[in-house]
Amino acid sequence: MEIIKESKFDNFDSEKSVGIVKTQYFNFGGPPDEMMLENGAKLGPVTLAYETYGTLNQDKDNTILVFHALSGDAHAAGFSDKSDKKPGWWDSMIGPDKPFDTKKYFVLCANVIGGCKGSTGPSSINPATRRQYGLDFPLMSVKDMVDTQKKLLEYLEIEKLFCIVGGSMGGMLALQWIVSYPDISKGAMLIATAPSHSAQEIAFNSIGRYAIISDLNWNCGDYYNGNRPETGLSIARMIGHVTYISEGAIHKKFGRNINEEHNADAHESNNGENKNIKCPGPADFTNEFEVGSYLKYQGESFIKRFDANSYLYITKAIDDFDVSSGYANLADALSRVKAKCFVISFSTDWLYPAEQALKIVKALKINGIETTYTNFESPFGHDAFLIDDERLKKIFTGFLNSLWQ
């Protein structure tokens with residue numbers, strides 16, 4: 001397999017874009033060398049989809065490893081082709097003269113195992129059955145996700161990282177990384193994340209999973225040759241999306257406005273046929289508020305790009321995540337950390353509030369780890385780290401410059 005250590009792209013859309021980016025694939029763990037997962041199960045062969053931006057320097061010490069959030073993927077910046085309407089999910093941060101400056105850094109992002117955007121997951125073909133894994137896919141952990149990306153670095157012959165970066169679930173991966181591989185990264189940016197999920201966070205994910213497995217089309221995960229559990233997955237996304245935005249932001253955008261353009265007579269059903277949902281009687285539950293229509297749109301968009309089984313496996317992995325598992329406490333878990341750390345929470349993030357970030361900060365400082373913490377003022381809630389915000393860019397750039405110097 002060709003290893004691309006310099007991104008190949010055309011000038012496209014903007015001088016500050018990385019342009020057209022080629023997704024690459026790393027394969028490992030073929031029999032008899034399957035990957036041993038944390039729970040003792042074996043998985044193999046394994047494919048990781050990844051993208052790179054910028055150029056790996058001669059000393060191979062300028063790599064920034066970016067971990068994506070729950071619904072993210074390897075396509076963090078640039079465009080897959082010229083028909084793309086939107087760039088990668090963190091294009092505002094990755095590119096020439098942006099915080100993750102591709103004129104200086106070699107940026108790497110890989111889709112996690114269990115995902116559905118090129119890496120091995122439940123929708124991949126099981127070599128033992130020649131059908132999609134479905135529920136035959138083994139349960140995996142955040143640590144397993146991290147371990148596969150360590151194998152990717154070995155494949156790319158990168159022994160040291162300049163910095164690791166992750167927001168939300170990606171922050172959990174970054175936190176696990178500095179525990180599992182404390183000697184590899186010079187810096188770590190832990191964004192809008194937590195050392196483990198609270199009961200409330202688990203509750204929201206549980207509702208989403210129940211929505212999926214209650215969909216008649218889920219069929220115990222064996223739906224790939226028939227109708228898919230689109231309604232369940234759509235509802236799961238709607239629930240999740242509510243937790244990503246702040247009350248203030250959603251009120252400002254929608255308030256109690258009614259969606260006057262909503263079609264009360266029909267909607268798009270799972271099989272693509274128009275189905276009349278206007279029932280006899282005076283009550284009309286299809287006369288939606290604008291916020292309801294917005295969430296419905298988010299759900300319908302999500303089912304076009306994500307797999308329901310992947311949603312089940314990944315949310316289970318982050319609910320099970322506890323970086324202090326196997327240690328006396330969180331401070332003990334972080335006792336071997338050597339990276340200079342930057343921890344950031346957001347003032348209106350009620351999914352991963354500042355209290356959870358401060359637990360990480362306290363544990364790092366107990367161990368004498370150089371740590372910077374910011375509770376960033378933003379009206380956008382949990383998703384604030386994905387917003388194109390010049391203030392946030394300056395903070396990120398400042399931390400990376402301090403590492404560089």
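Tutor: Start with a definition: two strands count as paired if DSSP finds at least two bridges between them. Keep in mind that this is a predicted model.

The part to look at is the open sheet. Eight strands form it, in the order S1-S4-S8-S5-S11-S12-S15-S16. The pairing is mixed. In general, strands of a sheet pair through backbone hydrogen bonds, either parallel or antiparallel.

Now find the edges. They are strand S1 (24–28) and strand S16 (371–376). Each has a single partner strand, so one side of each is left without a neighbour in the sheet. Neighbouring strands of this sheet are turned by 20 degrees against each other on average, direction ignored.

Gln 24 has Tyr 50 of S4 as its bridge partner. Phe 28 stands opposite Val 46 in S4.

The side chains along S1 alternate. Gln 24, Phe 26 and Phe 28 point to one face and are buried.

Step back to the segment before S1, where you will find Ser 17. Buried means under 20% relative accessible area. Ser 17 is at 7%, so it counts as buried. Its side chain reaches the backbone nitrogen of Gly 19 at 2.9 Å.

Helix H2 (residues 169–180) touches strand S5 (63–67), strand S11 (161–167), strand S12 (185–191) and strand S15 (340–346). The direction of H2 makes about 140 degrees with that of S11. Helix H10 (residues 390–404) also packs on the sheet. H10 touches S5, S11, S12, S15 and S16. Its direction makes about 170 degrees with that of S15.

The loop between S16 and H10 holds Phe 380. At 35% relative accessibility, Phe 380 counts as partly exposed. Set aside its neighbours within four places in sequence. Phe 380 is then in contact with Tyr 244, Ile 245, Ser 246, Thr 348 and Ile 387. Lys 394 is 14 residues from Phe 380 along the chain, and their C-alpha atoms are separated by 18 Å.

Some side chains around these elements deserve a look too. Ring pairs link Trp 89, Trp 90, Phe 100, Phe 342, Phe 385, Phe 396 and Phe 399 into a cluster. There is also a charge to note at Trp 404. The charged end of Lys 104 sits over the ring of Trp 404, 5.1 Å from its centre.

Finish with the aromatic pairs. A search of the whole structure finds 23 of them. Take Phe 302 and Phe 306: their ring centres are 4.9 Å apart and their planes are at 20 degrees, so the pair is stacked. Phe 302 is buried, with a relative accessible area of 1%. Phe 306 is buried too, at 8%.

Notes
Residues are numbered from 1 along each chain as its sequence is written. This is a predicted model: local features need pLDDT of at least 70, side-chain atom pairs count only at pLDDT 80 or more; totals for chains, interfaces and linings use all residues. Side-chain values use heavy atoms; hydrogens and water are left out. Rings of Phe, Tyr and Trp (its six-membered ring) pair if their centres lie within 6.5 Å; planes under 30 degrees apart count as stacked, over 60 as edge-to-face and the rest as tilted. Buried means under 20% relative accessible area, exposed over 50%, partly exposed in between (1.4 Å probe, protein chains only). A charge sits over a ring if NZ of Lys or CZ of Arg is within 6 Å of the ring centre and within 35 degrees of the ring normal. Helices (H or I, at least four residues) and strands (E, at least two) are DSSP runs, numbered from the N terminus. Axes are lines fitted to C-alpha atoms, for helices over the stretch in contact, and angles run from 0 to 180 degrees between N-to-C directions. Contact means heavy atoms within 4.5 Å. A polar contact is a pair of N or O atoms within 3.5 Å; within protein, one must be able to donate a hydrogen and the other to accept it, and residues adjacent in sequence count only if both atoms are side-chain atoms.
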